[in-house]
Amino acid sequence: MSRSGALDDSEIQSEMNKMVAFISQEAREKAREIQVKADEEFAIEKAKIVRQESLAIDAQYEKKRKQAEVGWKISQSTALNTSRLSVLRKREEHLDALFEEATKQVKALSTGDKYASALESLILEVLLKLLSPSVLLEHRPKDEQAVKKATDAALKKYKDMSGRESSIEYSGSLADDSAGGVVGSSLGGRIRVDNTLSERLKILEEKMLPELRHDLFGKNENRKFYN
């Protein structure tokens, strides 16, 4: 038999329990959803932070690696340049020693038997370069007689070769401790020909220096053009 009207206490309590159970279930499910979403967002943020830190560490490592590489290259370049400069300095010292020995031999020539013929050739060259009717010859004071004797012979050859004559004046203005030879001039000194042995040696050194470097030290790999 059906019954109508208000619910009794037990029925009300039953309905209340159902409502409470439903609300509790909904709350638990909502809490699980919130927790799952929070966990997902935390994982994403954590991954983002880890990646950022990883990139920062990689960038710092790359920076330090490049700094180390640059430092190594600088050290290598410095060591190479130091070594190259040392080699160049030793080469120049060797060449200087050769030229110093050549200077000694040139000075020895001015006291030897071949000096008279050398003076004659030097004076003849002065005369042929100046082609002047009057020439001043500068020489060492101790060479005065030797120069005059060599000039006489040179004037004869000069006339045979050029058909000209020249009057000579002498000046003992070169230092006695020089290597010897003569300096010729004309037109009041405006035209000069330095035919001292030291000047001739200097010209020879400049001319032969590249060849000497090649013979002594080999081909220069850094040099692209040659005369």
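This is a predicted model: local features need pLDDT of at least 70, side-chain atom pairs count only at pLDDT 80 or more; totals for chains, interfaces and linings use all residues.
## Helices, strands and the nonpolar core

Just after α2, Leu131 adopts a positive phi of about 45 degrees.

The largest nonpolar core holds 21 residues, of which Ile123, Val126, Leu127, Val135, Leu137 and Val182 touch the most other members. Two or more residues of this core come from each of α2 (115–130), β1 (134–138), α3 (144–162) and α4 (197–217). The greatest contribution is that of α2, with eight residues. In soluble globular proteins, nonpolar side chains tend to be buried together.

Which residues does Val135 contact, leaving aside its neighbours within four places in sequence? They are Val126, Leu127, Leu130, Ser166, Ser167, Ile168, Glu169, Gly184 and Ser185.

**α3.** This helix has 19 residues and reaches 26 Å from its first C-alpha to its last, close to the 27 Å expected at 1.5 Å a residue. Its buried residues are Val147, Ala150, Thr151, Ala154 and Tyr158. Viewed down the axis of α3, these fall within an arc of 115 degrees and therefore line one face of the helix. The buried residues of α3 pack against α2, β1, β2 (167–171) and β3. On the face turned away from the buried side are the exposed residues Gln145, Lys149, Lys156 and Asp160. Gly163, which follows α3, has a positive phi near 75 degrees.

Strand β3 (residues 181–186) has six of its six residues buried, so it is largely enclosed by the rest of the structure. Gly181, Val183 and Ser185 point one way from β3, while Val182, Gly184 and Ser186 point the other way. In a regular strand the side chains alternate between the two faces of the sheet.

β3 pairs with β1 in the antiparallel sense over three bridges, and Leu137 has Gly184 in β3 as its bridge partner. Strand β4 (residues 191–196) runs antiparallel to β3 and is joined to it by six bridges; Val183 stands opposite Asp194 in β4. β3 and β4 form a hairpin with four residues between them.

| Residue | Location | Phi |
|---|---|---|
| Leu131 | just after α2 | about 45 degrees |
| Gly163 | following α3 | near 75 degrees |
| Leu187 | turn of the β3 and β4 hairpin | about 55 degrees |

Note on methods:
Residues are numbered from 1 along each chain as its sequence is written. Side-chain values use heavy atoms; hydrogens and water are left out. A nonpolar core is a set of buried Ala, Val, Leu, Ile, Met, Phe, Trp, Tyr and Cys residues joined through side-chain atoms within 4.5 Å. Buried means under 20% relative accessible area, exposed over 50%, partly exposed in between (1.4 Å probe, protein chains only). Contact means heavy atoms within 4.5 Å. Two strands pair if DSSP finds at least two bridges between them. The expected span of a helix is 1.5 Å times one less than its number of residues. The arc is that of the directions from the helix axis to the C-beta atoms.
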